[in-house]
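Subject: Structure handover

Hi there,

Here is the structure I promised to pass on, with some notes to read beside it. Please have it open as you go through them.

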Amino acid sequence: MLLYVVYGSEASLLDDLYMENDCYFVCIHNSKVKNKRQNCIYINKLKNLEKIIDETLKKQKITKIVFVGAAFKSQAALFAQTSATEVASMIEVNVSNYIKIVQILLPIMQKMKTGNFIYLSSFRSQVTARGISLYSSTKAFGEKFFEVVGKENGIFGIYSSSIRMGYFEGRMTGQLSEEKQLSIKLRAGNRRLGNGIDLVTAIKFLVENPYANGGVLDLTGGVNHEY
């Protein structure tokens, strides 16, 4: 049985992941949980994570821990117009918490001699624009951080990869006008936004393919950034 530890578990794109048979989930969330599932434990404080995992390993026949990093805090303004409080919050959610989680999970995975880290990144780690200085740079940090985690720990059977996502259905594109969404779709080779099935099948691929260790999987639908 796989134990998924999902940071940012309220992301609707991951709904299909929770339908997997023979899997158990520790869901790290920020907002209120809308639909609780029987195969999930919900926590909103990282200080409880290690205890919850230890208890789960004792109760369930877990063969591997898979971390999925879906949490992010977006940027709403130019850097000069972003308050110190907002900057600190973005760094905590997008950087510091990821480091803390890896510090908790890595020793457990090393003891088990197996594990996966899967970081959900964005094409914005490479394609910048005005108003996303912190968002882009923290995504780039995440990719490099998890790349090296994989290089350092592949010898222990612990693999780490990133999924560089394009425009997907969800809260970010949902805030855009229909005209803007149509423009984005026309810029994609697939002529549509990404969806939950696209993302979950990519996660499964990385779990099952250890040679993807240290790499980045582009999941952008062939978006044309030159438009």
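The model is a predicted one, so local features need pLDDT of at least 70 and side-chain atom pairs count only at pLDDT 80 or more, while totals for chains, interfaces and linings use all residues. Residues are numbered from 1 along each chain as its sequence is written, and side-chain values use heavy atoms, with hydrogens and water left out.

**Two loop residues with positive phi**

Most residues other than glycine have a negative phi. Lysine 113 is not a glycine, yet its phi is positive, about 60°. Lysine 113 sits in the loop between H2 and E5. With a relative accessible area of 64%, lysine 113 is exposed (exposed means over 50% relative accessible area, buried under 20%, partly exposed in between, using a 1.4 Å probe and protein chains only). Arginine 191 also has a positive phi of about 60° without being a glycine; its place is the loop between helix H5 (178-187) and helix H6 (196-208).

Which residues of helix H1 (residues 49-59) are buried? They are Leu49, Ile52, Ile53 and Thr56. These residues lie on the same side of H1, because they cover an arc of only 95° around the axis (the arc is that of the directions from the helix axis to the C-beta atoms). As a reminder, an α-helix has 3.6 residues a turn, so residues three or four places apart point the same way. Lys51 and Lys58, on the other side of H1, are exposed.

Contact here means heavy atoms within 4.5 Å.

Valine 26 gives a view of this region from strand E2. Valine 26 is buried, at 0% relative accessibility. Beyond its neighbours within four places in sequence, valine 26 is in contact with Leu3, Tyr4, Val5, Val6, Ile41, Ile43, Leu49 and Ile52. Two of these contacts, Leu49 and Ile52, are among the buried residues of H1. Tyrosine 4 is 22 residues from valine 26 in sequence, and their C-alpha atoms are 6.2 Å apart in space.

**Aromatic pairs**

How many aromatic pairs does a search of the whole structure find? It finds 14. Rings of Phe, Tyr and Trp (its six-membered ring) pair if their centres lie within 6.5 Å; planes under 30 degrees apart count as stacked, over 60 as edge-to-face and the rest as tilted.

One of them joins phenylalanine 117 and phenylalanine 146 in a tilted arrangement, 6.0 Å centre to centre with 45° between the planes. This pair links distant parts of the chain, 29 residues apart: phenylalanine 117 is in strand E5 (residues 115-122) and phenylalanine 146 in helix H3 (residues 133-153). Both of these phenylalanines are buried.

Phenylalanine 146 also pairs with tyrosine 119, and here the rings are stacked, at 5.2 Å centre to centre and 15° between the planes. Tyrosine 119 lies in strand E5 and phenylalanine 146 in helix H3, so this pair ties together parts 27 residues apart in sequence. Tyrosine 119 has a relative accessible area of 2% and is buried; for phenylalanine 146, also buried, the value is 1%.

A single aromatic cluster takes in Tyr7, Phe67, Tyr98, Phe117, Tyr119, Phe141, Phe145 and Phe146.

**The cavity**

A cavity is a set of points on a 1 Å grid over the protein atoms alone where a 1.4 Å probe fits but cannot get out, and lining residues have an atom within 4 Å of a point. Grid points are joined across faces, edges and corners, and a volume is the space filled by probe spheres set on the points.

The count comes to 1 cavity of 30 Å³ or more, and the largest cavity holds about 40 Å³ of space. Its lining is made up of Tyr167, Ile184, Lys185, Ala188, Arg192, Leu193, Thr220 and Val223. Of these, 5 are nonpolar, 1 is polar and 2 are charged (Ala, Val, Leu, Ile, Met, Phe, Trp, Tyr, Cys and Pro count as nonpolar, Asp, Glu, Lys and Arg as charged, and the others, Gly among them, as polar).

Best wishes

Note on methods
On a 1 Å grid over the protein atoms alone, a cavity is a set of points where a 1.4 Å probe fits but cannot get out, and a pocket is an open set with protein on both sides within 12 Å along at least five of seven lines; lining residues have an atom within 4 Å of a point. Helices (H or I, at least four residues) and strands (E, at least two) are DSSP runs, numbered from the N terminus.
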